[in-house]
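Thanks for coming. I will take one protein and go through a few of its parts in turn. Please have a look at the sequence and the model first.

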Amino acid sequence: MNFKNPKVWYTLAAILLIPAFLINLGLMPFNDDEAIRTLVAMEMDISGNFLVPTLNGEEYRAKPPLFNWVLWLSFKMFGVSEWSARFPNFLFLLGFAAVIFNYSKKHFTKEYSLINAFMLLTCGRILFWDSMLAYIDILYSLITFWSFMVIFHQFQKEKWWNLFIYSYLLCVAGFM
């Protein structure tokens, strides 16, 4: 193994990030907001009403329903637990890093773009806090950043229909 080759370090970092993100997902009990999101998703399942989220039978309008749908799907796949509520954020974080890499490589080298994506993944707040909680923040940040990048790149290409269609679809996802 040639440790002078940067690809070895990138591969090692990618391999180590998986246990770093997944090992403690189910250890901490839910905090306030996580418990609320979980209850809303469970009530959607119990009531069968996926359009109007409720909390203790009352309409819950504090947050948009998209993340509740994601939690419900995760609960259906893995069962209801802290781990299954937090696992989607790991996937959204990987998606966020992929979007950063994809748009960075249009302007910079592949190596710089990879470092840019790793900077998101290894940021202290992400690594030690946001990635381990079932919060909507990473999903919403991904959608918002992606929207900015779509608008910027489609504007540069002067593809106006693509700019409006893709940015409005991302706007709908962000609103949901």
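**Starting from one phenylalanine**

Phe96 lies in helix H4. A word on terms: helices (H or I, at least four residues) and strands (E, at least two) are DSSP runs, numbered from the N terminus. This is a predicted model, in which local features need pLDDT of at least 70 and side-chain atom pairs count only at pLDDT 80 or more, while totals for chains, interfaces and linings use all residues. Residues are numbered from 1 along each chain as its sequence is written, and side-chain values use heavy atoms, with hydrogens and water left out.

Is Phe96 buried or exposed? Phe96 counts as buried, because its relative accessibility is 10%. The cut-offs are these: buried means under 20% relative accessible area, exposed over 50%, and partly exposed in between, with a 1.4 Å probe and protein chains only.

Which residues does Phe96 touch, leaving out those up to four places away in sequence? They are Leu120, Ile138, Ser141, Leu142 and Phe145. A contact here means heavy atoms within 4.5 Å. As for Ala117, which is 21 residues from Phe96 along the chain, the two C-alpha atoms are 8.2 Å apart.

Next, the helix pair. Two packed helices are described by the angle and the distance between their axes. Helix H3 covers residues 66–78 and helix H4 residues 82–104; their axes come within 8 Å and cross at roughly 115°. Axes are lines fitted to C-alpha atoms, for helices over the stretch in contact, and angles run from 0 to 180 degrees between N-to-C directions. On the H3 side, the residues that meet H4 are Phe67, Val70, Leu71, Ser74, Phe75 and Phe78. On the H4 side they are Trp83, Ser84, Ala85, Phe87, Pro88, Asn89 and Phe92. What kinds of residues make up this contact? There are 10 nonpolar, 3 polar and no charged ones. In this scheme Ala, Val, Leu, Ile, Met, Phe, Trp, Tyr, Cys and Pro count as nonpolar, Asp, Glu, Lys and Arg as charged, and the others, Gly among them, as polar.

Now the charged side chains. Side chains of opposite charge can pair when their charged atoms come close. A salt bridge is a side-chain nitrogen of Lys or Arg within 4 Å of a carboxyl oxygen of Asp or Glu. How many are there by this rule? The count is 4.

One of them joins Arg86 and Glu34, at 2.7 Å from N to O. Arg86 is in helix H4 and Glu34 in helix H2 (residues 32–47), so the pair links distant parts of the chain, 52 residues apart. Arg86 is buried, at 0% relative accessibility, and Glu34 is also buried, with a relative accessible area of 0%.

Asp45 and Lys76 form another salt bridge, with the closest N and O atoms 3.2 Å apart. This pair links helix H2, which holds Asp45, to helix H3, which holds Lys76, across 31 residues. Asp45 is partly exposed at 34%, and so is Lys76 at 48%.

A further bridge runs between Arg61 and Glu59, where the closest N and O atoms are 2.4 Å apart. Arg61 counts as exposed at 70% relative accessibility, and Glu59 as partly exposed at 47%.

Last, the whole protein. It has 8 helices and 2 strands, in the order α-α-β-β-α-α-α-α-α-α from the N terminus. Of its 176 residues, 38% count as buried.
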